[in-house]
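Reader: Got a model here that I'd like to walk through. Can you take my questions as they come?

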Amino acid sequence: MPRRTATMLASTLMLFALLCVGVFIKVPYSEMSPGPTVNTLGDSHGEPVLSISGHKTYPTTGHLNMTTVRVTGADYDMNLLEAVYGWAAGDNIVVPHENLYPNGKTDKESTQENAEEFSQSQESAKVAALKQLGIPVNARVIVSSVVKAGPSEGRLHAGDVIKSVDGATVTDPADVAKLVTKHKPGEPVEFTVVPAADAAEAERANREPTTTAKITITAGKAEDDGHAIVGIRAGTDHTFPFPIDIKLADVGGPSAGLMFALGIVDKLTPENLTGGKFVAGTGTIDDSGKVGPIGGIQMKTIGARQAGAEYFLTPADNCASAASHVPDGLTLVKVSTIDDATKALEKISKGDTAGLPRCSAS
């Protein structure tokens, strides 16, 4: 066999062997890539993303797009070849698997957590938007969850509205823990609650609930320091003056909160927030309107620009990372609150972009 042919054959076999090795060797990495963006002012799968009834709404134009990131699943084992390809691909990021799924989190656990965070982000977006518009929102303390096999299992239920503990009115979830820990393990703790079903029925009928129940729980003992516990997690629920419905399938996590809130504000105000411009963004939001950081910011800016966005509302704590790799034609606008975001949108709609607070890499 000629030496040239033998060399080519050996090289081909070696390349084939390396490819096989790359396919069969698993590595502890996951991949992130730009995901789809959705206009919160528009439709998704044939249905409006935001629906408001019982209150006057106004026509909207332009885009207020929420952005997403695609990630490989928690149970997916990436091979070496995929990792190398991901590192080489300009719009993808390969990161340690532990960064996305700490402590061995499974796909099922991740999906459940993302669904809970997404639901909470919708609730906070509604609260923040209405507060921004000066529309009152009522808050109440509820049972968020009940610990399995805990003292309250079968007695209290998720969604029960907690009116008082031992006769003391509660107005904040922290009040519940303070009142329970005044007891010793084994002592009775009396809850006055509105059962979840009655609370939901009263909300549908737009009236105050009239049914309450007194339930006595025998306090258990915490494993860490022995203080009294009743085996529930208290949280805050809100009653809104009119229905606001958010529908968006196949999305999880808390990072769409800001864009949902801005979409609600736009629909409830006669002024057009975007002026017809294409604005995208991201950021968590709490009930007070504070905007928090998110993960995968560079993937989101890439996805936004690919969709046609010209401006990107960026949480202040993500600015440095986002500014280190800005897609051409995209302006990063720094925001810390919903008020910052609405003021920035006013400037964008009027074309007064010189005064926009912009992200910098430092």
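Reader: Start with asparagine 206. Is it buried or exposed?

Author: Exposed. This is a predicted model, and in it asparagine 206 has 65% relative accessibility. The cut-off for exposed is over 50%, so asparagine 206 counts as exposed.

Reader: Where is asparagine 206 found?

Author: In a loop. That loop runs between α6 (196-204) and β11 (213-218).

Reader: How far is asparagine 206 from phenylalanine 242 in space?

Author: The C-alpha to C-alpha distance is 8.8 Å. In sequence, asparagine 206 and phenylalanine 242 are 36 residues apart.

Reader: Switching to strands. Which way do the residues of β16 point?

Author: Strand β16 covers residues 278-281. Phe278 and Ala280 point one way, Val279 and Gly281 the other. All of them are buried.

Reader: And how many bridges join β5 to β16?

Author: Four, and the two strands run parallel. β5 spans residues 63-71. Within that pairing, asparagine 65 stands opposite alanine 280.

Reader: What about β16 and β19, parallel or antiparallel?

Author: Parallel, with three bridges between β16 and β19. Alanine 280 comes up again here: its bridge partner in β19 is phenylalanine 312.

Reader: Follow β19 on to β20. How many bridges there?

Author: Five bridges join β19 (residues 311-315) to β20, and these strands run parallel. Threonine 314 stands opposite lysine 334 in β20.

Reader: Is β20 mostly covered or mostly open?

Author: Mostly covered. β20 takes in residues 331-335, and four of its five residues are buried.

Reader: New topic. How many disulfides does the structure hold?

Author: One. It joins cysteine 319 to cysteine 359, with an S to S distance of 1.9 Å.

Reader: Which parts of the chain does that pair link?

Author: Distant ones. Cysteine 319 sits in helix α9 (residues 319-323), and cysteine 359 lies in the segment after α10 (338-350). The two are 40 residues apart.

Reader: Left-handed or right-handed?

Author: Left-handed, with -45° about the S-S bond between cysteine 319 and cysteine 359.

Reader: Are those cysteines buried or exposed?

Author: Both cysteine 319 and cysteine 359 are buried.

Reader: Now aromatics. How many aromatic pairs turn up?

Author: A search of the whole structure gives one. Phenylalanine 118 and phenylalanine 260 have ring centres 5.8 Å apart and planes at 65°, so the pair is edge-to-face.

Reader: Why does that angle make it edge-to-face?

Author: Because plane angles over 60 degrees count as edge-to-face, and the planes of phenylalanine 118 and phenylalanine 260 are at 65°.

Reader: Zoom out. How many helices and strands does the chain have?

Author: 10 helices and 20 strands. The chain has 362 residues, and 44% of them are buried.

Reader: What share of the contacts with a separation of 6 or more comes from residues 24 or more positions apart?

Author: 74%.

Reader: Last one. What does the accessible surface come to?

Author: About 18700 Å² for the chain. Carbon and sulfur atoms account for 53% of that surface.

Terms used. Residues numbered from 1 in each chain as written. Predicted model: local features only at pLDDT ≥ 70, side-chain atom pairs only at ≥ 80, totals over all residues. Heavy atoms only, no water. Buried < 20%, exposed > 50% of the residue type's maximum accessible area, 1.4 Å probe, protein only. Pairing = 2+ DSSP bridges. Disulfide = S-S within 2.5 Å. Phe/Tyr/Trp six-rings, centres within 6.5 Å; stacked < 30°, edge-to-face > 60°. Contact = heavy atoms within 4.5 Å. Areas by Shrake-Rupley, 256 points an atom, 1.4 Å probe, with all protein chains shown as cover.
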